[in-house]
Amino acid sequence: MDYACLYCEASGTQRTTDRHAIEDLENCSYCKGTTRISLSDLLLPLPGKIERLSRAVLWSETRMHQAQAKLDAATAEIERTIAEDSSLKNDQQRKAKRSELMQGEAYQTAQQRLQKAQEDYQSLKIDRQLAMNQFEAAKLMVQAHLAA
């Protein structure tokens, strides 16, 4: 199983198979004892990465709201169709017609797009939070290094 060493991941060099690397950076078999990566190598790219991810989260949130609006419009169209259909005499008939119309391509497509947009949004938020956590960890390591 691969693990992400904070140093290796931030620099994009490689993943490690050392399970301790995510908890103790000194134990990463790739970085240990080398001068391949400095604290500044770890710290400097993170603000830009956080900024890019924040913009992506905003863009994704907009896409999610647009997808929700399209699904709402499709739902409203189904409700309008049912309300205008005078052949539907009772709630059971209207419920059956609603279920039938919700199986239609337009509604299903709108629902799938909303689900995809929600998944993308959540994934980007997780990525941004990870970058923010890495930045905080890197700042603490720099502080500890300077204090030593």
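**Helix packing and nonpolar cores in the predicted model**

In helix 3, the buried residues are Leu46, Ile50, Leu53, Val57, Ser60, Met64, Ala67, Leu71, Ala74, Ile78 and Ile82; buried denotes under 20% relative accessible area, exposed over 50% and partly exposed in between, with a 1.4 Å probe and protein chains only. The structure is a predicted model, in which local features need pLDDT of at least 70, side-chain atom pairs count only at pLDDT 80 or more, and totals for chains, interfaces and linings use all residues. Residues are numbered from 1 along each chain as its sequence is written, and side-chain values use heavy atoms, with hydrogens and water left out.

The protein chain contains five helices and zero strands, and its elements follow the order α-α-α-α-α from the N terminus. Helices (H or I, at least four residues) and strands (E, at least two) are DSSP runs, numbered from the N terminus. Of the 148 residues in the protein chain, 26% are buried. Among contacts in the protein chain with a separation of 6 or more, 59% are accounted for by residues 24 or more positions apart, where contact means heavy atoms within 4.5 Å.

Helix 3 comprises 40 residues and reaches 58 Å from its first C-alpha to its last, close to the 58 Å expected at 1.5 Å a residue. The expected span of a helix is 1.5 Å times one less than its number of residues. The buried residues of helix 5 are Tyr107, Ala110, Leu114, Ala117, Tyr121, Leu124, Ala131, Gln134, Ala138, Met141 and Val142.

The largest nonpolar core has 17 residues, and those with the most contacts inside it are Met64, Leu71, Tyr107 and Leu114. Such a core is a set of buried Ala, Val, Leu, Ile, Met, Phe, Trp, Tyr and Cys residues joined through side-chain atoms within 4.5 Å. Two or more residues of this core come from each of helix 3 (45–84) and helix 5 (105–147). Helix 3 gives the most, with nine residues. A second, separate core of six residues includes Leu43, Leu46, Ala138 and Met141.

Leu71 lies in helix 3 and counts as buried at 9% relative accessibility. Leaving aside neighbours within four places in sequence, Leu71 is in contact with Tyr107, Ala110, Gln111 and Leu114. The C-alpha atoms of Leu71 and Arg113 are separated by 8.7 Å, although these residues are 42 residues apart along the chain. Ser60, also placed in helix 3, is buried with a relative accessible area of 1%. With its neighbours within four places in sequence left aside, Ser60 contacts Ala117, Asp120, Tyr121 and Leu124.

Helix 3 also packs against helix 4 (residues 91–102), at an angle of about 140 degrees and with the axes 10 Å apart. Helix 3 is therefore oblique to helix 4. Axes are lines fitted to C-alpha atoms, for helices over the stretch in contact, and angles run from 0 to 180 degrees between N-to-C directions; angles under 35 degrees count as roughly parallel, over 145 as roughly antiparallel, 65 to 115 as roughly perpendicular and the rest as oblique.
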